[in-house]
Amino acid sequence: MKPLRGDMRAEPEEGERSIRFIRKNEIYGDTRHEVNVYVKLFSNSPFLVCMDLALSEEQIIDPKYLWIGPDGKDLKGQMYVHMAETGKLMVKGFREWMSGAYTCTLSYQIIKTMTQGETEVVMAYKFMVYAYREADHAYLVFVRFTTSQCNLRANDLFFEKLKKILNQVISHLTCQVTESSYKCHSVMTQKLGLQHELFVRFQVTPFVPGWKEVCCLGPYDCEDVTNKRAREATERVERFFQQQEDVLKQEFPVVPTIHYVENSFFSSAIDSCRPGFGKDQLSHQGCASCCVVCGPGTYSPNNEVTCRICVRPQVRKYGARSCY
């Protein structure tokens, strides 16, 4: 999705860059409004440039820059920032507490050619910088099987056996089938008439015992690792059902009572956010698919998708997991 004007992700997808504000990992300010910037957790921010794009095309005489951080203090000399002499600011190893308003004041001289008189110009720019994480993915899967009757004990036995087989299929990916269930329905079609089918649903999740240990072997952005495993596991489950379809067509002279319904496999991703993060498409339209750090007065204690609002806002920090 293309970000709104003034909304920038530090790691935008192809086609998401806006030439008005960003060049070569640099984001320019705007005197008319604040510029939203989204930085992936643990990565470095792009350079925040203490001027607007139009001003950058001009000669600046005797420029001076003052950067103030979210805590209201001068950022000069802070270990977690890199400040270039050209007024560009990078925040290194971005964490939740680094989120907030970064303001810069630029002052420079305008010299009149004829009189050599000097006039000082002062410009102010504000960047709202937010930490974000990619959403965690589990997958909800639906499949169907035919059966001779709905009230058979064999249906329950088949369902339990199916869960065990599916868990074996994806166990090497440290994933698991959870929240599984089925219902039996009578289905009428013009071609086949009345038949009974098992409507099966379950989740494929990477959050099983040992998942944190697996993440420790990878990079900081653990959600990339878990999302990859969840996607691979779901694809492996889909291939398993496709194989059942092929076997049914090729190897069974007599169709078994319970068998997979051709092309009935369907899956969809279920998003969740880590504690302290949530989605807000209204406030963060430039990063609508992201899990953005919860702002002051909000919190997220678990893996829900949205940040909760504190009844009595006592939280003044970003990334809160409770109201206290």
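The model is predicted: local features need pLDDT of at least 70, side-chain atom pairs count only at pLDDT 80 or more, and totals for chains, interfaces and linings use all residues. Residues are numbered from 1 along each chain as its sequence is written, and side-chain values use heavy atoms, with hydrogens and water left out.

**Strand pairing**

- Strand β10 spans residues 118-133 and pairs in the parallel sense with strand β4 (residues 35-40) over 6 bridges; strands are DSSP runs of E of at least two residues, helices are runs of H or I of at least four, and both are numbered from the N terminus.
- Two strands count as paired if DSSP finds at least two bridges between them.
- Strand β9 (residues 100-111) pairs with β10 in the antiparallel sense, over 12 bridges, and Thr103 stands opposite Lys126 in β10.
- Strand β17 (residues 291-293) is joined to β10 by 2 bridges and runs antiparallel to it; Arg133 has Cys291 in β17 as its bridge partner.

**Asp136**

- Asp136 lies in strand β11 (residues 136-147).
- Asp136 has 0% relative accessibility and counts as buried (under 20% relative accessible area, with exposed over 50% and partly exposed in between; 1.4 Å probe, protein chains only).
- The side chains of Asp136 and Arg274 make a polar contact of 2.5 Å (a pair of N or O atoms within 3.5 Å; within protein, one must be able to donate a hydrogen and the other to accept it, and residues adjacent in sequence count only if both atoms are side-chain atoms).
- Beyond neighbours within four places in sequence, the residues in contact with Asp136 include Phe207, Glu223, Ile270 and Arg274 (heavy atoms within 4.5 Å).

**Aromatic pairs and a charge over a ring**

- The structure holds 12 aromatic pairs (rings of Phe, Tyr and Trp, the last by its six-membered ring, with centres within 6.5 Å; planes under 30 degrees apart are stacked, over 60 edge-to-face, the rest tilted).
- Tyr130 and Tyr318 have ring centres 6.3 Å apart and planes at 65°, so the pair is edge-to-face.
- Tyr130 is in β10 and Tyr318 in the segment after β19 (308-309), so this pair ties together parts 188 residues apart in sequence.
- Tyr130 is buried at 12% relative accessible area, and Tyr318 is buried at 17%.
- Phe241 and Phe265 form a tilted pair, 6.1 Å centre to centre with 40° between the planes; both are buried.
- Phe145, Phe158, Phe240, Phe241, Tyr260 and Phe265 form one aromatic cluster.
- Arg133 lies over the face of Phe277, 5.8 Å from the ring centre (NZ of Lys or CZ of Arg within 6 Å of the ring centre and within 35 degrees of the ring normal).
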